[in-house]
Structure formats: C-alpha cells, structure tokens
Protein chains: 2
Amino acid sequence: MDTRKRIKIDDVAAAAGVSPATVSRAINNPHMVRGSVRARILELAENMGYSADGAARALATRRSQAVGAIIPTLDNAMFARIIDGLQRHLYKSNYMLLLASSDYDPEKEFRNARVMLERSVDGLMIVGAVHDPRLYKLLEASGVPFVQTLAPARASPHPSIGYDSDTVAQLVVGYLRGLGHRDFGLVVGHTAFNDRVAAYIESVRKVLDSFDIKLAPDRVLHRQYTVEEGGNALQQLVRQGPLPSAIIAGNDTLAFGLIHEAQLQGLSIPGDLSIVGLGDSEFAANLPRPLTTVRTPKSEIGRLAADYLLGRIENRTVNLPGEMQVELVVRSTTGRPAVAAPSPAKARNKTLA
Amino acid sequence: MDTRKRIKIDDVAAAAGVSPATVSRAINNPHMVRGSVRARILELAENMGYSADGAARALATRRSQAVGAIIPTLDNAMFARIIDGLQRHLYKSNYMLLLASSDYDPEKEFRNARVMLERSVDGLMIVGAVHDPRLYKLLEASGVPFVQTLAPARASPHPSIGYDSDTVAQLVVGYLRGLGHRDFGLVVGHTAFNDRVAAYIESVRKVLDSFDIKLAPDRVLHRQYTVEEGGNALQQLVRQGPLPSAIIAGNDTLAFGLIHEAQLQGLSIPGDLSIVGLGDSEFAANLPRPLTTVRTPKSEIGRLAADYLLGRIENRTVNLPGEMQVELVVRSTTGRPAVAAPSPAKARNKTLA
DNA sequence: GTGAAAGCGCTAACAT
DNA sequence: ATGTTAGCGCTTTCAC
C-alpha cells in the first residue's frame with residue numbers, strides 16, 4: 001500500500017552530481033563546501049523534499065538530539081510548567097523532548113530512564129534529589145549528562161536546580177510569626193517518593209524551632225494534591241480539637257481546599273485562620289479571597305535545566321545557577337491571629353459535631 | 001574522560017558463545033531460540049547490563065517506537081491532561097512520547113512535525129482540525145499514521161477524536177434557555193489558529209438561532225485563557241451597557257475570571273448573572289460558588305489517541321471511536337434570570353462609572 | 001534452530 | 001574542497 005519512498009542522501013547526491021559526503025557537509029558543515037556547490041545542493045535537497053533520517057544520523061554521530069525528562073505527573077501545574085519551560089528552550093536549539101511520567105514511583109522512574117537511555121537521549125532531566133540507586137548507577141555508566149530539578153544545589157552531590165525549602169520556610173514562618181502566630185498546622189503531600197515534601201516539613205520545623213515553637217505530629221497532615229483532600233485535611237484538623245491559628249499548605253491546590261472548607265465551616269479567613277500556599281498558581285491572585293503564597297520560578301527552572309543540559313552536551317563548561325529566587329506574595333488569607341494562641345476557644349466552638 | 005564503553009550485542013553474543021543474530025532473536029523473537037540457549041542469553045544480557053541501542057534498532061527496523069505529539073501549549077490544563085493520558089497509555093506499550101508545543105502557531109506546528117517525522121516517529125498526535133496544508137502533505141508523504149484530537153470525527157476528513165461542540169452548545173444553551181434566559185454573552189479564546197473556538201461559537205449561535213435568539217457581535221468577546229482576562233471581559237461587558245443574563249465561557253479559567261470580577265462589581269451570581277464554564281477543571285467544584293460547567297473527557301481523549309495510533313502502527317484494523325460523551329454539570333453559578341430579559345434595568349444600574 | 005552476511009542511511013577519517 | 005571507505009549497532013534474509 002505504502003509505496004512512497006523516502007528520499008535519501010544518495011538521491012540528492014546523485015541529482016547534484018556529488019558524493020553523499022558532500023551533501024552531508026553542505027547540510028551540517030556548510031563552510032566546508034564551496035559556495036556554488038553548496039547552494040545547488042541545498043536547493044536540490046529542498047526541492048526534492050529531502051530530510052535526513054534521524055535514526056541513521058543518530059547512529060552515525062552517537063547523538064540523538066533529544067533530551068529526556070521524567071516527571072511525577074503532568075497532572076500538576078507545577079510540573080507542566082517546568083516541562084513547558086524546558087521544551088521551549090530545547091526547541092530553540094533544535095533538540096527534541098522525550099517525556100515520561102513516573103507517578104511518584106522510583107521503580108517506574110528507573111525503567112523510564114533506562115528506556116530513554118537506550119534511545120540515547122543526550123541529556124536527562126529528573127525531579128528531586130532522591131532516586132533509585134540503580135538510576136544513579138545507570139546514569140553514571142552511560143555518561144549522559146543529567147540534572148535534578150526542584151532540588152536545591154546544596155542538598156545533593158548531583159547537579160541540581162531549584163529553590164531552597166529553608167528559604168521558603170523562613171519566609172513563610174517568619175512572616176506568620178511576625179503577625180503573632182504561635183500555633184501552626186502543616187498540610188502537605190505524601191512524603192513517599194517525594195523528597196521535596198520531607199524537605200519542606202524539615203525546613204518549617206527548623207525555623208519553628210528557632211522560635212521555640214514545636215509542631216505536634218498530629219498537626220502535620222499528608223494529603224494528595226487535590227482541592228478535596230485539602231478540605232478533608234481541614235475537617236480532620238477541626239476534629240482534632242483546637243485549630244492552629246495558621247496553616248501552611250504544601251501547594252496552592254491544598255490551600256484552596258483548606259480555604260474552601262474553612263468557609264463552609266463558617267470560619268473566617270484570616271480572622272479565625274491564616275493560610276499560606278506554595279507556588280503562586282494562576283488562581284491564587286484571583287480568588288474571592290486572594291491567597292497569600294510563595295512564588296516559585298517554574299518555567300525558569302525548566303529553562304535553566306535546558307541550558308545546563310545543552311551546555312554539558314556540547315561540552316561547554318557550564319556552571320549551575322545557585323539557589324533560585326522565591327518570593328512571598330502577601331494577599332488576603334493571612335492576618336494577625338484573633339486570639340492568643342494558647343487558648344483558641346473560638347476555634348473549638350466551631351468544631352464539627 | 002568518558003571511558004565507559006556501552007556494551008553491545010556482539011559482546012553478549014561472544015559471552016554466550018552464539019552469534020549476534022541469535023542474541024537478537026532471543027530478545028525480540030524468543031520462540032525462535034531454543035529454551036536453554038535463550039535462557040542463558042537473556043540472563044547474560046541482564047547481568048552484563050546490555051540494552052539495545054535505540055538508534056541502531058530504529059535504523060534496522062525502520063521503527064522508532066516513539067510517538068510524537070504537538071500541542072498548543074502545556075500551560076493549559078486541558079492539553080496537559082490529554083498528554084498525560086496519551087503518555088500513560090503509550091508507556092504500557094513501550095512507546096516513548098516526543099512532545100513539542102506550537103504556541104497556536106501553524107508554522108511552528110509544521111516545523112515541529114517535520115522534525116518529528118525526521119526522527120521517524122511512528123505516529124503523530126496533533127490538536128484540532130485546521131492545520132497548515134503543508135503539514136497534511138508532509139503527513140501523507142511520510143505515510144505516518146496521525147490523529148487529530150479535540151476535533152469531532154464528523155468535522156474532518158482526517159482521523160479525529162473529540163467531542164462535538166454542537167452537543168456542548170445544545171447542552172449549555174438548552175439548559176440556560178430552560179431556565180428562562182434569552183440574553184446571552186460569550187467569552188471565549190481567540191479564534192486565530194484555534195478552530196475549536198470558532199466551532200464553539202458557531203455551535204452556540206446555531207442553537208440560539210433555533211430559539212430565535214440572536215447573538216449581537218459585541219456580545220462575543222475574545223480573551224486569552226487567563227483569570228485576569230476573564231475579569232477584563234466582564235468589565236467590558238459591563239461597560240457596553242445592559243449585561244446579558246447569562247454568559248457562556250470558553251473554558252473554566254475564563255469563567256472563574258468572570259465570576260471573580262462579577263463579585264467585585266457587586267453582582268450576585270446567579271441572581272444577576274448566570275455563568276457556565278467548559279471543561280470541568282479541578283477547581284470548578286470547589287470554589288466558594290461552585291461552577292456550572294461541561295465535563296469533557298480529556299485523559300480519555302489522550303488514551304484513545306494512543307490506542308488509535310498504536311493500532312495503526314501495528315497495522316491492526318482500528319476504528320475510531322465516535323463522538324465522545326460530554327456532560328453538563330450543574331452547580332451554583334446558574335439559575336433563573338432575575339428580571340425579564342428585555343429590560344435588564346438592574347444590571348444597568350450596576351454599570352461602572 | 002543457528003550462523004554468515006548484507007544492509008538500514010548517515011557521518012567521519014582518510015585520502016587526494 | 002571533494003570523493004572513497006569504513007563503520008555506527010542492530011535486524012533480517014538466506015543458507016545450512
């Protein structure tokens with residue numbers, strides 16, 4: 001059925017009356033071919049609809065002109081934006097993006113990485129600083145440049161690009177503490193296979209420590225990143241008794257859920273409860289009650305990852321960017337606590353039956 | 001520096017005391033190799049850390065085991081979910097995903113497609129039913145199976161998977177009309193290079209026609225898909241005089257913007273204004289005022305696209321799914337219009353200074 | 001069932 | 001500046 005034959009370099013060479021090698025040069029190293037000849041070849045190639053076979057070129061050059069990226073899931077705006085930034089930047093350098101998701105499963109991540117390496121990706125982007133040891137072994141064995149994103153440089157022996165959770169925690173807790181809060185809750189993602197969550201909790205705890213505030217274990221709730229689960233977390237907190245005066249959320253989606261549920265429960269924000277998100281998603285600024293959150297550089301991370309990888313691939317000396325800027329965006333979900341933290345009577349009154 | 005040598009099929013063959021051909025068979029056509037030999041080869045391959053070179057295999061088989069996808073942008077949850085569905089399904093069949101974005105630019109889409117075809121993708125997913133003619137020519141010339149998503153089958157001569165905007169319009173307008181609305185506004189994306197928008201407008205207009213309702217040109221506003229722009233559209237509508245009693249938004253993000261701005265303007269929803277979104281994004285159900293919207297099957301579309309492409313690639317006879325189900329989800333942003341449509345005095349009173 | 005040999009389409013040394 | 005010659009690492013006839 002499929003009788004069309006793809007035209008190849010030999011066809012162009014024959015038509016131009018030169019050798020295939022010359023055609024190859026005209027395309028890849030134009031300066032090595034005399035002007036007139038080059039022009040003729042290029043025009044012919046264009047007219048004949050010639051374009052090099054990627055597999056053959058990859059085999060001959062040992063370069064695929066493709067970069068791989070493995071993320072937990074695309075169903076999370078943060079990763080989507082990182083990938084978007086990465087892809088846009090790769091595009092400019094004529095690199096393709098191979099994408100796969102791991103579902104937060106290190107085993108799946110490992111398998112995906114192996115497949116990508118088999119495809120000879122020239123570089124690989126992964127998320128976070130904690131991975132299957134076999135992955136690192138594989139990466140090292142292959143010699144393929146890779147970079148970890150959403151991992152602060154100082155936290156990993158491997159090349160990493162991201163912001164520092166300590167900075168975020170200082171910003172958030174410092175601000176809340178300045179407002180007068182002493183009683184905190186933390187609603188974050190699950191730590192299994194997500195080192196960013198563990199790091200953030202650790203950072204928050206550390207800063208809290210410096211203020212002589214302790215975070216009770218039952219004040220740290222783990223939920224999936226959905227609005228519903230955020231609401232569910234608030235219910236649980238209410239059920240547990242006196243509500244903290246401030247809740248720090250692991251991302252904006254959870255924060256939305258918290259806010260939504262709080263309002264359903266008749267709690268006023270920030271009167272009864274202050275809430276801080278993380279990520280500054282598009283919706284944060286545009287809710288009826290605009291969310292106080294931390295702006296993180298998502299597409300910037302993707303861009304820098306591309307930069308780094310491309311640099312390494314081309315054997316340029318590249319230095320990793322340092323920690324990236326984050327910024328506290330104060331909006332309307334945070335304020336002074338209504339009552340002295342030690343006796344949150346008001347919150348208790350609103351406890352669900 | 002990089003002295004590690006990747007181990008290849010000859011190495012395994014040598015170690016196993018067989019020919020490379022047999023190793024190849026053991027891996028790709030196990031039944032062609034005697035059990036004992038096969039076992040030995042496979043184990044050896046595993047231990048030696050052998051994995052086939054993708055480029056070489058692709059060159060020899062004329063198959064890349066990769067599928068390409070070109071979407072307008074990842075910075076839009078809809079496309080992100082489609083890709084997510086696509087990738088997950090490809091993964092199961094051991095296919096890789098090559099991803100690129102076009103920024104709603106047909107020229108860029110074309111260039112991306114060409115590069116992907118050079119890389120010998122085995123299939124290609126594109127979005128919508130309107131593309132650069134050169135793209136179709138290229139696709140046909142290459143013989144590579146492709147599929148259009150977010151395009152209803154009946155609207156294109158090319159294989160397409162999506163829902164029908166007529167159905168959506170009937171659902172939305174029918175419901176609103178049943179509530180008593182006669183005065184409509186439409187806030188959608190830009191039509192340039194986005195045939196879905198034009199189709200939706202057309203569909204809405206058609207259904208409105210059947211109710212003898214006309215849609216004034218200044219009641220159709222085009223905005224980018226951001227919350228801000230949605231709010232901006234409402235301002236414009238307010239500025240233009242009597243507000244429609246119902247606004248149909250091109251997606252949930254715009255709907256959020258409309259709601260948010262309406263509330264800032266002191267309009268009550270749905271008392272003064274009914275709003276319907278499109279897409280049923282995660283937030284739709286969880287806003288202080290849950291959004292009435294239309295649920296569209298996003299990851300399902302990705303999954304079916306993968307199915308179709310994989311089928312075509314393996315030369316199975318595949319039939320495209322018919323139109324896909326959409327569902328009106330009635331929540332709290334829609335209700336009966338407050339006043340008779342012909343004299344929306346109330347709305348006028350709220351016009352901005 | 002297994003091996004030998006011939007490519008797949010390109011690039012890169014090596015000549016000239 | 002250009003042509004010739006070898007591969008790149010795998011799969012796939014074709015023999016045996």
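A salt bridge here is a side-chain nitrogen of Lys or Arg within 4 Å of a carboxyl oxygen of Asp or Glu. With that in hand, look at Arg88(B), which forms one with Asp103(A), the closest N and O atoms being 2.5 Å apart. Across the interface of chain A and chain B, the rule finds six salt bridges.

Before going further, a word on the ground rules. This is a predicted model, in which local features need pLDDT of at least 70 and side-chain atom pairs count only at pLDDT 80 or more, while totals for chains, interfaces and linings use all residues. Residues are numbered from 1 along each chain as its sequence is written, chains are lettered from A and ligands numbered from 1 in the order in which they are written, and side-chain values use heavy atoms, with hydrogens and water left out.

Back to the interface. Counting heavy atoms within 4.5 Å as contact, chain A brings 60 residues and chain B brings 60 residues. Together the two chains bury about 4900 Å², 51% of it on carbon and sulfur atoms; buried area is the accessible area (1.4 Å probe) that two parts lose on being put together, summed over both. On the chain A side, Tyr91(A), Met96(A) and Arg119(A) lose the most area to chain B, together 13% of what that side buries.

Strands also meet here (DSSP runs of E, at least two residues, numbered from the N terminus, as are helices, runs of H or I of at least four). E2(A) and strand E2 (residues 96-101) of chain B pair in the antiparallel sense over three bridges, where pairing requires at least two bridges found by DSSP. Within this pairing, Leu99(A) stands opposite Leu97(B).

Now turn to DNA strand D. A residue is near the strand if one of its heavy atoms lies within 4 Å of it. Sugar and phosphate account for 66% of the atoms of DNA strand D that come within 4 Å of the protein.

Which elements supply this surface? Helix H2 (20-28) and helix H4 (54-61) of chain A, together with helix H2 (20-28) and helix H4 (54-61) of chain B, each give at least two residues.

Finally, follow the phosphate oxygens of DNA strand D. One is 2.7 Å from a polar backbone atom of Arg34(A). In chain B, polar side-chain atoms reach phosphate oxygens too: that of Ser24(B) lies 2.7 Å away, and that of Tyr50(B) 2.8 Å away.

Note on methods
A polar contact is a pair of N or O atoms within 3.5 Å; within protein, one must be able to donate a hydrogen and the other to accept it, and residues adjacent in sequence count only if both atoms are side-chain atoms.
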